[in-house]
Amino acid sequence: MIALQKSPQEERALSLIGASSSRTEAFLWFLSGLGLILFVIWPVGAVLFESFLRDGSFSLSAYRGLFSKNLKLIGDSFLLAGGVTLCTLPLSTIIALRLVYGPERGRRLVIAALVLSTISPPFLCSMAYLMLFGRRGLVTWKLLGFEWNPYGFHGVLMMETVSMIGLAALLMMTSLQRVDGALERASLDLGASPLQTLKNVSLPLALPGMAASGLVVFIRSLSDFGTPLFVGGSFQVLASRAYNTLIGVGDFPLACAMNVLLILPALGVLCLRSERQDDNFSPGLAEARSLRLPSWFLRGLDVFAWAFVALQVLVYGLIFLGSVTQLWGKDFSFTTRHLAAILTFRADSIRRSLICSLVAGMGSCLLGVVLAYLLDGARASVRRVVQAVVDLPYLMPGTFFGVGYLLVSSRLPFEVGVAFLISMSCLFRQLSHSLRTAKAGLAQIDPTLEYAVRDLGGGPLRVLTDLVLPVLRPFMRLGFLNTFSASMTTTGPIIFLVSPYARVAAIELFESINHGDFGAASAMGTFLIVTVAIVNAIAWRWSAQSRVGALP
Amino acid sequence: MNLFKRVIAGIVMFFFLIPSVWAAEKQGISIFIAYTGIKPILETFTQDTGIKVDYLEMSSGEVLTRIRAAKGKAQADAWFGGGLDSFVAAAEEGFLEAYVSPEREAYDPMFYNEEGFWSGISLGSVVLMGNPEVLAAKKLMMPESWEDLTLPVLKNEVLMSTPAVSGTFYSMVSSILQTMGDEKGWELLERIDANVPYYSKRGAEPANKVSIGEAGVAVAPFDTVLRLRQEGHKLEMTFPKDGVPWYIAPVAVFKGAQNPEGAKALVDWVLSERGQETLAKCTTQAPIRPGITLEPEVQAMRDSNLMKLDVVKAGHARKEILELWQEKFGHK
């Protein structure tokens, strides 16, 4: 084990940039603080405030017995989130290891499958999974001939795990790639075996990425209500029950109060966690990897990676085929009628979706980096508070975040554009992911490198442009990718923001699925997936031209 | 510096893009709908009146939540279709505009609100829908009555939604209670419950899941079954012998609508003979106005043994019924 201790002086090194340009830093603090207050604290506060209003007057009735009545739901929610995290982390680590240390051949395909899996249009993918692995699923029933019941805790656990592996594995991969090859070599030179090196050097160095993916998965599972609604059967969690209380029973105060049950314990867990800083040491000078893992080990990794690819090929293949067959399962003849139907969808909803998602994606990855950078030099208490605020919208079921925006915007004396509300809600809802991603990246920059840049005569701007940004680039790309895809496909927060005049593509998809029209839904889904994939490819190209090694 | 420039370019683009999506162009009227076959109906309306329509599909629960969150500030001009109970609640909370259409003279008063908050446009019913493949594989008979749904052989094969999220299931529950009386009604629902593996939390789900074979039988709206059949699914359907629950799809104008005249024109049109004939052509609900020729299969539904109901009373009893329901079956 290498000593990875830092002196206190080094720990604060990155904030030196701030010290010498405190005006810029103060300005950034002001901007991001204003953003968080306007677009997070205000709407979330408005939702929580509603829980105290019963028929227009102050009342605590929603809180009476709230905790004791929902004890089981709280337990189930956290059990599920913990379970999903425990299942997702090892699987995504395995796939990330395969990508970093495995053979070049096939790597692109696995990455493509991972990226694809992050663009899962909600409901459509659930539907595809049921058609493949449901009680009458193509694979489970027609091929393997066994009948099982996917509804319940196990169904939700599996479906959430599969849907989150992509994002977690991409983040893990990015972290592992940033691990310094020189340190691995040093360990090998000192006589450690490749597996020992992996266990004692590489994986610990990639810990920030692993911690970030774990937390993102945990939070996302807590606030996910779509999957439990769809495959939960009689198993329900807080998020889905809150949704039901709001939309079905129509008990506004109680539904809002249930969010408190979700937010408070979750923030508690997260605060405990962030007490420990993810410090890291990684000059990132040597990109070349000399760590050669034993081939039996790699083959083992391969099995998991390709199983994942096969699964994605099945699911997305089903969606693509569904968009060109008359009726999946009954009439397999070829048709272009579903694809032609896309043309009859309103072009402006597709345009609006694209623009909103671009704005949200770029905004969220930029704000994520700025915040990560500011927090790096901030006091622990500030860090914890800001982190908690950023996590709030991610912790709430999306529907409630949307309700918050509606509560706020309908009280304003002036009209706020629908698209602006959509963009901002997506931006700030996904900020938690972008911030954690950026932090993981920042944690891998060695403060001594900053001294190096400064000793060579570079100013704080040089540090930012030539050191921080290049290292963070792949992490920013991930932040963008996640927010953009989520904004293109999400319906939860948006259903309360779109108006009949201003629709978005995801709503069109949602309507087809509600009609049980798998053909039209998969055509729209295919269109969304292709669009997101193209934008991702462009973003990848755009951000990856100059290599990281090009330090001054 | 290359990358830095790109980031700056990104920021500039970011601020450039925001205004381009700020405002959406508004013309004509906007409506929230929960109604099958809406597209050709509204196209005919636009042809006839020259009023352009923008619509958004939302369940009536979502519409109600949305107006409540906006504290009554109108989110659209008109509301087309959905559960009557939500319309009743919205009228009570002051979200709807009273409008007495000249067309309503032709209608039986049981189908509209006296003050004019809402008017029924068509009648839908709740039926049993089966997946013949699943039933055949398990050697099950297609159930023909509510009583049949309680047969132990159908264990875990019956799909329903919670009445809280679905107007259809609310009307099934409230109709059974109204016609059989509370005691017998709840007892029947409890026996059906024994065969229901879980209650779907979204209204469209039972029919969709049964159409892909996830279970044998769904309780479903009549028009949904016909639509799924049109899409090519092979499905069985029966009108329950012991009474077919029915509901009406209402239309209403929101209070504070931006284009109230346009919204009222829509109400007039859909209640007129022309509008009702268009409904008869485009949907599989039965238009209410007397004297409209129905498609044979819709006529068959109209002629089935529809229960004797007071649908407005059902709309008022919602809160009570749901609370009891939640107590008995809420855990599923």
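Modeller: Chain B of this predicted model is assigned two domains, domain 1 (29-123 + 247-300) and domain 2 (125-245 + 316-329). The centres of domain 1 of chain B and domain 2 of chain B, taken over C-alpha atoms, are separated by 26 Å. Contact between the two involves 13 residues of domain 1 of chain B and eleven residues of domain 2 of chain B. On the side of domain 1 of chain B that touches domain 2 of chain B, α3 (60-69) and α4 (84-92) of chain B each supply at least two residues. By class, that side of domain 1 of chain B has two nonpolar, nine polar and two charged residues.

The partner of β2(B) is strand β1 of chain B, residues 29-33, and five bridges join the two. The strands β1(B) and β2(B) run parallel. One position shows the pairing directly: Ile31(B) stands opposite Tyr55(B) in β2(B). To get from β1(B) to β2(B), the chain passes through helix α2 of chain B, residues 38-49. This β-α-β crossover is right-handed.

Next comes the other chain. Between the chains, 57 residues of chain A are in contact with 60 residues of chain B. On the side of chain A that touches chain B, the elements that each supply at least two residues include α7 (124-133), α14 (238-249), β3 (325-327) and α18 (347-376) of chain A. Of these, α18(A) gives the most to that side, with eight residues. Sorted by class, the side of chain A that touches chain B has 30 nonpolar, 18 polar and nine charged residues.

Chain A also has two domains, namely domain 1 (14-49 + 334-552) and domain 2 (51-275 + 285-322). Their centres, over C-alpha atoms, are separated by 19 Å. Here 46 residues of domain 1 of chain A are in contact with 43 residues of domain 2 of chain A. Among the elements that give two or more residues to the side of domain 1 of chain A that touches domain 2 of chain A are α3 (22-50), α23 (460-489) and α25 (518-543) of chain A. The largest share of that side, eleven residues, comes from α25(A).

Last, chain A as a whole. Chain A has 25 helices and four strands. The C-alpha atoms of chain A fill a box of roughly 65 × 60 × 45 Å along the principal axes. A compact globule with 552 residues would have a radius of gyration near 24 Å, and chain A agrees with this because its own value is 24 Å. Buried residues make up 54% of the 552 residues in chain A. Of the contacts in chain A between residues at least 6 apart in sequence, 82% join residues at least 24 apart.

Note on methods. Residues are numbered from 1 along each chain as its sequence is written. Chains are lettered from A and ligands numbered from 1 in the order in which they are written. This is a predicted model: local features need pLDDT of at least 70, side-chain atom pairs count only at pLDDT 80 or more; totals for chains, interfaces and linings use all residues. Domain bounds come from an automatic or database domain assignment. Two residues are in contact if their C-beta atoms, placed from the backbone, lie within 7 Å. Ala, Val, Leu, Ile, Met, Phe, Trp, Tyr, Cys and Pro count as nonpolar, Asp, Glu, Lys and Arg as charged, and the others, Gly among them, as polar. Two strands pair if DSSP finds at least two bridges between them. A crossover is right-handed if, with the strands pointing away from the viewer, the path from the first strand over the helix to the second runs clockwise. The radius of gyration is taken over C-alpha atoms; the globule rule is 2.2 Å times the number of residues to the power 0.38. A residue is buried if 20 or more other C-beta atoms lie within 10 Å of its own, exposed if 12 or fewer, and partly exposed in between; C-beta atoms are placed from the backbone.
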